[in-house]
Amino acid sequence: MRKISIVTLISIFFALSFVVINIAFVIEYKRQISDQEFFTFRRFLVAMKMMHDNVPDRNATLAKLGIRISDHDKNILLQEGKKLLEDAFADMILYEKKLYLVPRKLPHPPPPNEPFMREGAFPFPPPPPPPKMRREEPPVLENVEETSFYRLIILGSITNALLLLFFGIVLRKVLRLSNLKSAIRTFGNTKKFQAIGVDSQDELGEIALEFNLAMEKIHLLKEARTLFLRNILHELKTPIMKGKILSSSILDLKQQSQMERIFERLETLLGEMVKVEKLSSDEWILETQEYRLVDVLDHAMDLLLLSDTKRIHIAPQEMAPLVNVDFELFATAIKNILDNALKHSSGDVDVDIDLESISICSFGEKIPNERLDFSRAFNRTVEGSSTGLGLGLYIANAIVEKHGFCLSYLHVEGLNHFTIHFSPNALHVK
């Protein structure tokens, strides 16, 4: 599912609410206009009936109904006005934003019936015509009652204003989350502690305050760890240097060589402790270039500090793969895997290189599952073991993942296979 920000969700919600509320006001406005037109038409009909009954004081009665006799021409109203309602005797016309009732022409009386004729006799004489009566045509009526929808308009305006005000307040609060995220990201990218500004007393201000307290504790712990490591490394390097100086004074060359290798090994272990600290704190910055994989492997064998490397067999290669790696760091990863294979096997160690991986194989028992968690530097389940804590494999795995590669383990027919799989964009062929 695509990630949608809180700001977008809130904006969509308020936009939909704003549209729905205004549509409801428009519908209600049209409904009230329709009802008003219907009630006006009813008043017109009542006024016509009163005029037909010749009620006394006609003008005063019409004024009570909000109606008066109009002097507009009926034909103009019918031609230019808009017919809204009608009945058998009149039409209600909208003309220049006013309502008029225009009576229709009265129908002519039907012609007299043909006289009754007897067969073989003269027709009866027709009856005398009725006296002609002058019929007065009903006048045009005009609505004078003012219709106001100000209350509905004011209610809609107030509702929209409150909705927009609430949206502005909520959006301002939510945007502070974005500022808080930027401040946290800035803190993660800097080595020094910088407190986030707390400019409110609401929940966001409390979150910023608690974050400052937590980050301050983390910063203090980080400084304490760095100071501890620097002190312990300095204290350990001093006796190592003294031991290397004293070993040069030994007369027996064989013993002298052994002592020098011991102190070099200790110095290498201290260097790996520094690498563990930098890898665990994600402070190691890769300096990658293209190198021949065989050159990296050769340097890894030199880092083993072994005079006899005959147990390591490298399969012949037709092509020399190139990898984009940090030379020293990646050589350390291969050295740790080779060192692990040499320690836990008395036989030969085979190294196979192909275009997609480098595999280190050695005879030995299958590694227990609790020792295969390379993501932790110190595994509580094996800390009491006398065969090591798996620190070398942790460093190797961390370096491999730092390069974007993958370290896998497989035990087949008594062979332990440690394989580094390269990503497609990190390997070339020369």
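In this predicted model, the buried residues of helix 7 are covered by elements that include strand 6 (289-292), strand 7 (312-314), strand 8 (321-325), helix 8 (327-343), strand 9 (349-353) and strand 10 (357-363). Helix 7 itself spans residues 293-303, and its buried residues are Leu293, Val296, Leu297, His299, Ala300 and Met301. An α-helix has 3.6 residues a turn, so residues three or four places apart point the same way.

Strands of a sheet pair through backbone hydrogen bonds, either parallel or antiparallel. Strand 10 and strand 12 (residues 415-421) run antiparallel and are joined by seven bridges. Within strand 12, Thr419 is the residue that stands opposite Ser359.

In soluble globular proteins, nonpolar side chains tend to be buried together. The largest nonpolar core of the model has 38 residues, and Phe330, Ile334, Leu338 and Ile420 are those with the most contacts inside it. At least two residues of this core come from each of helix 7, strand 8, helix 8, strand 9, strand 10, helix 9 (391-402), strand 11 and strand 12. Helix 8 gives the most, with nine residues. Apart from its neighbours within four places in sequence, Leu338 is in contact with Leu297, Met301, Leu304, Val349, Val351 and Ile360. A second, separate core has 11 residues, among them Phe44, Ala47, Met92 and Leu99.

A hairpin of three residues joins strand 2 to strand 3. Strand 2 (residues 82-86) and strand 3 (residues 90-95) run antiparallel, with four bridges between them. Lys83 stands opposite Ile93 of strand 3. Glu80 lies in helix 3 (residues 74-80), and counts as exposed because its relative accessibility is 55%. The C-alpha atoms of Glu80 and Ile93 are separated by 9.3 Å, although the two residues are 13 residues apart along the chain. The side chain of Glu80 also makes a polar contact with the side chain of Tyr95, at 3.3 Å.

The structure holds 10 aromatic pairs. The ring centres of Tyr291 and Phe327 are 4.9 Å apart and the planes stand at 50°, so this pair is tilted. This pair links distant parts of the chain, with Tyr291 in strand 6 and Phe327 in helix 8, 36 residues apart. Tyr291 counts as partly exposed, at 23% relative accessibility. For Phe405 and Phe422, the centres are 5.2 Å apart and the planes at 90°, so the pair is edge-to-face. Phe405 is in the loop between helix 9 and strand 11, and Phe422 is in the loop between strand 12 and strand 13 (427-429), 17 residues apart. Phe405 is buried, with a relative accessible area of 6%, and Phe422 is buried at 9%. Elsewhere, ring pairs link Phe13, Phe14, Phe166 and Phe167 into a cluster.

Note on methods. Residues are numbered from 1 along each chain as its sequence is written. This is a predicted model: local features need pLDDT of at least 70, side-chain atom pairs count only at pLDDT 80 or more; totals for chains, interfaces and linings use all residues. Side-chain values use heavy atoms; hydrogens and water are left out. Buried means under 20% relative accessible area, exposed over 50%, partly exposed in between (1.4 Å probe, protein chains only). A polar contact is a pair of N or O atoms within 3.5 Å; within protein, one must be able to donate a hydrogen and the other to accept it, and residues adjacent in sequence count only if both atoms are side-chain atoms. Contact means heavy atoms within 4.5 Å. Two strands pair if DSSP finds at least two bridges between them. A nonpolar core is a set of buried Ala, Val, Leu, Ile, Met, Phe, Trp, Tyr and Cys residues joined through side-chain atoms within 4.5 Å. Rings of Phe, Tyr and Trp (its six-membered ring) pair if their centres lie within 6.5 Å; planes under 30 degrees apart count as stacked, over 60 as edge-to-face and the rest as tilted.
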